[in-house]
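Let's take a walk through a protein model together. Have a look at the picture first, and then we'll go through it piece by piece.

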Amino acid sequence: MSKQIDTTKIERIRAAAVTLISEQGISNASVALIARHAGVSVGYLYRHYASKEALFNDMLEVTLNIITEKILSLIEDGKGIDHVVSGLVRYIFEIADQDRSKIKFLIVLLNDFSATISTRLTGRIRTLADRLLAVGLHDGSIREDTTIEDIYMAMVGLPMQYLSLHYRGLLQTDPTTTTYDIEPIIQRAIGLIRNK
């Protein structure tokens with residue numbers, strides 16, 4: 001008979017990992033520390049995640065699923081690539097307003113080369129970017145020389161880099177505030193790919 005998974009423990013593990021990684025970085029967030037903060041044994045954590053990378057990839061997949069659903073709903077609105085870019089940038093800032101540690105976790109994960117992201121997840125990201133590229137090229141709203149890297153930079157790279165600089169206090173704003181002037185960021189993001 002298989003053991004039943006306690007989803008509250010899994011959620012506590014994920015929440016502990018997000019908090020610790022966003023505060024201390026990947027290398028300092030050991031499995032033992034994550035387990036302790038989640039209130040579970042190291043053995044319990046390893047029963048569900050074979051490694052720290054497996055935990056990161058699970059968490060990245062959960063986040064990617066949420067972001068993918070948002071992008072797909074924006075595409076289905078049928079209002080064009082500007083709407084999709086604007087909607088996703090706004091959504092990233094909404095997440096930052098609700099839970100700064102989730103965005104900081106993603107920033108750390110996307111910028112720490114010691115973290116290995118599974119090829120399945122990178123393939124999903126590429127497929128979604130290809131779809132967005134096809135939508136923009138089909139309706140003529142983006143430049144013909146736009147690449148999936150341009151799409152990624154417009155929709156994810158630019159807002160995440162802004163938030164990274166903000167959190168580090170490198171901008172002329174208070175790093176503890178959650179008030180952002182996102183309209184210029186949206187216009188820059190759209191400008192990266194827009195056919196003008």
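A residue is called buried under 20% relative accessible area, exposed over 50%, and partly exposed in between, using a 1.4 Å probe and protein chains only. Keep in mind that this is a predicted model, where local features need pLDDT of at least 70, side-chain atom pairs count only at pLDDT 80 or more, and totals for chains, interfaces and linings use all residues. Residues are numbered from 1 along each chain as its sequence is written, and side-chain values use heavy atoms, with hydrogens and water left out.

Let's start with Glu183, which is partly exposed at 35% relative accessibility. Its side chain meets that of Arg90 in a salt bridge, 2.6 Å from N to O; the term means a side-chain nitrogen of Lys or Arg within 4 Å of a carboxyl oxygen of Asp or Glu. Because Glu183 sits in helix α9 and Arg90 in helix α5, the pair ties together parts that are 93 residues apart in sequence. Helices here are DSSP runs (H or I, at least four residues), numbered from the N terminus. Arg90 is partly exposed too, at 32%.

How many salt bridges does a search of the whole structure find? There are 8. Another one joins Arg120 and Glu61, again at 2.6 Å from N to O. This pair links distant parts of the chain, with Arg120 in helix α7 and Glu61 in helix α4, 59 residues apart.

Glu11 is partly exposed at 45%, whereas Arg14 is buried at 19%. Together with Asp58, they are linked in a network of salt bridges.

The side chain of Lys52 does reach the backbone oxygen of Ile26, at 2.8 Å.

Gln187, in helix α9 (residues 183-193), and Ser41 are 146 residues apart in sequence and 47 Å apart in space, C-alpha to C-alpha.

Conventions
Polar contact = N/O pair within 3.5 Å; in protein donor to acceptor, adjacent residues only side chain to side chain. Helix = DSSP H or I, 4+ residues; strand = E, 2+ residues; numbered from the N terminus.
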